[in-house]
Amino acid sequence: MKKIFLHILICMCLIPIVSAATETDVEDNVSTKYSPALQRLYVAMQAGPHEIETTAPTGELRGWGFEGFDGLLYKFFEKREFVTEQPYALLEYACGTGRWSANAVLQAEMDGVSLNVKTFDPFMQPEHAEYYNQAWSRYVLDNGSSHGSLLVSQGWLKDAQLAATDKFNGMLVRDAIHLFSDEQVVELFQLGAALTDENGSIVVRGTPPFATMLWSPKVQIFLITQGLTPPNFGEILFNESNYKAYTEMAAQNIPGVIGQMNTKSVCLPAIRNAAEANGWWLQAIQVGTTVMTHKKPLTEEELYTFVSTQVQKYKPKPEEFNLDYVPEDPGIILRFKKTPSARPTETE
Ligand SMILES: C[S@@+](CC[C@H](N)C(=O)[O-])C[C@H]1O[C@@H](n2cnc3c(N)ncnc32)[C@H](O)[C@@H]1O
């Protein structure tokens, strides 16, 4: 029961902060450098929808959409994935509105990179697909040509498989895997293997860790006044059984979206283990701006040590620890490569 109160508080504090912390990394000034068509596309993509209804009409959970463009994730792709002269084919799954991919294609277009993106979301709101697809088609028409392509659509991963004519270079799941069931996490890696080419990647950007919320003075005061002991960082993110017990208990006791979301949460080792069991290995992990790469699969212990060490960096300094303090939640990016054929070609 104690943990349930804490979880409500953490979730309630987290949601507005996640939105506020999302970065905008697209250049502010595109005025003279780019064609009028590209300038119009820039405006359309910035103005495009980011919010989603938290539940679909059929009752499935969508969660919350995040404002801004996740430039760190784009840079991750730029540095590790868009490294050949060849066009890059990306499949984004559980894309929400499709906004990240739409802005990634815009950014690639500004950089002269050929990025071809297909996005799918099983619970997509049709108006979102319509908005971004129209903005892109208008650009292609106005511009006469384009480096890349964008197709935002409604569908499950198996629909993506049925629709695929060629293999993708990489797949992305951003801020959505916590809503997958364990079976759907496995399916991601199984279908992902068939959908991607020999040197393919699956990039998962995890929901920001809850751990830093525990450093919020408001949370601390709540805990003290309730006589509660805060769960530790490992318990929330890494210890599967405790974490599941914790979320299941919360789900039973909290009505509404937050309670329902708890039934679906998966933790980091569960994702890594599903990948390992289905022909993938964890090659890189990024927390905030710090990346760790490996030539052999990162073990669960390495994952734990790295993530917890990095998250500690976000701990407030004593002078920052006042009621105005807003915890900063770093995103976690996991990059999986195929086993074993990808291994010898890795040079990082
Ligand atoms: C928080 S939103 C994130 C959307 C987008 N990836 C982003 O970063 O803006 C989570 C998305 O996951 C989708 N989703 C929920 N449950 C899912 C499931 N079981 N399988 C695939 N997608 C799911 C929702 O429809 C929603 O669009």
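The structure holds 13 aromatic pairs, where rings of Phe, Tyr and Trp (its six-membered ring) pair if their centres lie within 6.5 Å. One of them joins Phe69 and Trp100: the ring centres are 5.7 Å apart and the planes stand at 25°, so this pair is stacked (planes under 30 degrees apart count as stacked, over 60 as edge-to-face and the rest as tilted). Phe69 sits in the loop between α2 (36-47) and α3 (71-80) while Trp100 belongs to helix α4, so the pair ties together parts that are 31 residues apart in sequence. Helices (H or I, at least four residues) and strands (E, at least two) are DSSP runs, numbered from the N terminus.

Before going further, please keep in mind that this is a predicted model, in which local features need pLDDT of at least 70 and side-chain atom pairs count only at pLDDT 80 or more, while totals for chains, interfaces and linings use all residues. Residues are numbered from 1 along each chain as its sequence is written, and side-chain values use heavy atoms, with hydrogens and water left out.

Now follow helix α4 to its helical neighbours. α2 and α4 pack at an angle of about 155°, with their axes 10 Å apart; axes are lines fitted to C-alpha atoms, for helices over the stretch in contact, and angles run from 0 to 180 degrees between N-to-C directions. From α2 come Leu38, Leu41, Tyr42, Met45 and Gln46, and from α4 Arg99, Ala102, Asn103, Leu106, Glu109 and Met110, contact meaning heavy atoms within 4.5 Å.

How do helix α4 (residues 99-111) and helix α5 (residues 126-143) pack? Their angle is about 20° and their axes are 10 Å apart, so α4 and α5 run roughly parallel to each other. Here Arg99, Ala102, Val105 and Glu109 of α4 meet Tyr132, Trp136, Tyr139 and Asn143 of α5.

Technical notes
Angles under 35 degrees count as roughly parallel, over 145 as roughly antiparallel, 65 to 115 as roughly perpendicular and the rest as oblique.
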